[in-house]
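Let's take a friendly look at this model together, starting with its charged side chains and then turning to one of its helices.

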Amino acid sequence: DAEQVYQYAERLRQKVAEGNTHMNLIVTISIGVSTKQSTLLNAEMLIQLADKRLFIAKKLGRNRTVGD
């Protein structure tokens, strides 16, 4: 389910941002999420869509999750 995958990715992003106490480092991640859709014909297309969403997340200011 696309919503479950998105929620998992968002929790992961939040945990990474919360866990930055070692050596006063600030670490964040951006995540592009994609799930199988009938319009995606193969795994490469699925990865390309996730990659596109990753770049959107970075463009929006980083430390974000972008999905379906």
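## A bridge across the chain

Which side chain meets that of D68 in a salt bridge? The partner is R53, with 2.3 Å from N to O; a salt bridge here is a side-chain nitrogen of Lys or Arg within 4 Å of a carboxyl oxygen of Asp or Glu. This pair links distant parts of the chain, with D68 in the segment after strand 2 and R53 in helix 2 (residues 43-59), 15 residues apart. D68 is exposed at 52% relative accessibility, whereas R53 is buried at 13%. Buried means under 20% relative accessible area, exposed over 50% and partly exposed in between (1.4 Å probe, protein chains only).

This is a predicted model, in which local features need pLDDT of at least 70 and side-chain atom pairs count only at pLDDT 80 or more, while totals for chains, interfaces and linings use all residues. Residues are numbered from 1 along each chain as its sequence is written, and side-chain values use heavy atoms, leaving out hydrogens and water.

## A bridge within helix 1

The structure holds 2 salt bridges, and one of them joins the side chains of E10 and R13 (2.5 Å, N to O). These residues are 3 apart in helix 1, which means that about one helical turn separates them. E10 is buried at 14% relative accessible area, and R13 is buried too, at 12%.

## Two faces of helix 1

Buried residues in helix 1 are A9, E10 and R13. Seen down the helix axis, they fall within an arc of 100 degrees, so they line one face; the arc is that of the directions from the axis to the C-beta atoms. The face turned away carries the exposed residues Q4, Y8, K15 and E18.

Technical notes
Helices (H or I, at least four residues) and strands (E, at least two) are DSSP runs, numbered from the N terminus.
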